[in-house]
Amino acid sequence: MVEILDMKIMNKNQGYVLDSVYPMFFYKEIQPIWLNTIIQFQGFKTPNILETFSYLELGCATGINLIVAAIHHPHANFVGVDFNLVHIETANRFAKHLGIKNVTFIHSDFEHFLRTNQQAFDYIVNHGTYTWIASQQQHTLLEIVANSLKEGGVFYLHYMCSPGSLALDPIQKLLQLVDQHTEVTSEHSIEIGKKLFHDLNQAGTFINHPKIDAIIKTLDSPNAALAHEFLTEHWKPLYSVDVHRQVFQTTKSTYIASAQLCENLDSISIPLNMQQMIKSIQAPALKEYLKDVAREAKQREDIFLKNPQALHKTEHLQVLGKLSFKLQSNISVNGIHTFKTAIGQIQASEQVISVLLDLLSKQDADVKTLSQLSVFKDNFMFLIETIFLMMNEQYLLPILNPIEQINQDLVQQFNTLMQEKGIRLKLIPECGTAIEI
């Protein structure tokens with residue numbers, strides 16, 4: 001038993017998995033243009049991404065999100081921090097291979113970075129670590145934001161959310177116990193744990209578990225991802241209202257919106273019979289909690305602003321009117337009939353979609369132009385709902401202007417490299433992001 005425990009200690013650092021490389025997952029939600037677009041929809045000022053800006057990712061893994069952002073914003077400065085040395089070495093090789101000069105990867109834990117960092121940032125993002133680390137490390141992460149985020153800066157935080165993630169608790173405990181009693185790598189441990197789970201399920205153990213189908217789907221993920229997801233010693237879903245309070249108390253940053261667009265409109269994210277009830281609630285914290293209950297939220301992707309500056313109504317309408325969108329060429333314009341949301345599928349109006357696609361298949365268009373279409377002329381909010389639903393499916397993407405500064409040879413080099421590695425990811429330079437293909 002002593003040998004097993006010693007080995008497991010070596011496989012973890014501060015309770016977090018260290019012997020497995022996190023898969024190269026891309027998250028469009030942390031790209032600067034996506035964050036800015038959502039904040040502008042909500043009516044607040046944003047950092048100007050057409051000028052010099054700075055961006056920090058805490059827990060950057062192998063750097064794919066920073067690489068994509070650095071290619072699209074060669075005038076900006078990007079920094080990634082991760083305490084897994086293999087992650088940082090992989091990210092540095094990636095950047096060196098492509099010849100990218102405006103991104104720096106730092107091998108450090110959060111505490112050391114807090115003590116040594118002297119830079120200030122317009123954006124600080126953290127995806128996939130907050131509810132997997134100890135409470136002291138969570139506090140240290142927020143201290144970094146408090147010390148290093150500029151006034152008016154953007155903080156993005158992803159975390160497991162209650163009540164939706166609570167259904168995973170017994171499965172997480174099963175996988176963790178298997179891991180504690182095996183002398184193998186974390187990924188191999190996950191494989192053993194998955195087999196045990198499936199054997200138990202086959203025997204009828206989880207017959208009364210209400211979310212068993214969703215759990216089975218979750219366990220279909222790559223073992224490397226599941227190792228990081230479930231084998232930490234500090235796995236704990238949180239309530240969003242508690243997180244929002246912690247963030248504000250430590251960083252003086254205010255919750256503005258969800259990076260999942262549709263969650264910012266109750267009409268397309270809350271069941272109809274609950275919308276009026278939630279609307280009548282006056283207490284913001286209670287209202288936000290009830291929204292999580294209504295959606296049975298499993299994860300949150302929250303956007304905060306440090307001392308947010310609201311746009312005046314006229315200014316807000318002007319900013320919205322200038323937001324431009326591009327229809328993605330990899331979709332069938334005849335194939336858009338339903339939209340996936342947190343509350344199920346929403347049926348698209350054939351008339352609305354045909355009018356919208358008729359224009360966008362011929363040209364890019366801004367919100368002002370789209371609002372003049374007959375189907376939206378007297379219902380601006382209906383247009384916003386439709387844009388949100390189409391962006392959520394990546395049928396529409398906001399346009400990044402201008403693109404002349406982007407190195408098109410570098411874009412092609414990146415896309416070729418992804419193809420060679422078998423990673424289904426392609427840069428869309430006009431939109432400052434990437435899409436899965």
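**Contacts and helix packing**

Mentor: Leaving aside its neighbours within four places in sequence, His 87 is in contact (heavy atoms within 4.5 Å) with Ser 20, Val 21, Tyr 22, Ala 61, Thr 62, Asp 82 and His 228. This is a predicted model, where local features need pLDDT of at least 70 and side-chain atom pairs count only at pLDDT 80 or more, while totals for chains, interfaces and linings use all residues. Residues are numbered from 1 along each chain as its sequence is written, and side-chain values use heavy atoms, with hydrogens and water left out.

Trainee: Is His 87 buried or exposed?

Mentor: His 87 is buried, at 4% relative accessible area; buried means under 20%, exposed over 50% and partly exposed in between, using a 1.4 Å probe and protein chains only.

Trainee: And where does His 87 sit?

Mentor: In helix H4. Helices are DSSP runs of H or I with at least four residues, numbered from the N terminus.

Trainee: OK, how does H4 pack with H18?

Mentor: H4 (residues 85–98) and H18 (residues 408–420) have axes 10 Å apart, at an angle of about 130 degrees. Axes are lines fitted to C-alpha atoms over the stretch in contact, and angles run from 0 to 180 degrees between N-to-C directions. So H4 is oblique to H18: under 35 degrees is roughly parallel, over 145 roughly antiparallel, 65 to 115 roughly perpendicular, and the rest oblique.

Trainee: Which residues meet there?

Mentor: Phe 94, His 97 and Leu 98 from H4 meet Leu 410, Gln 413, Phe 414, Leu 417 and Met 418 from H18.

Definitions and conventions. Helices (H or I, at least four residues) and strands (E, at least two) are DSSP runs, numbered from the N terminus.
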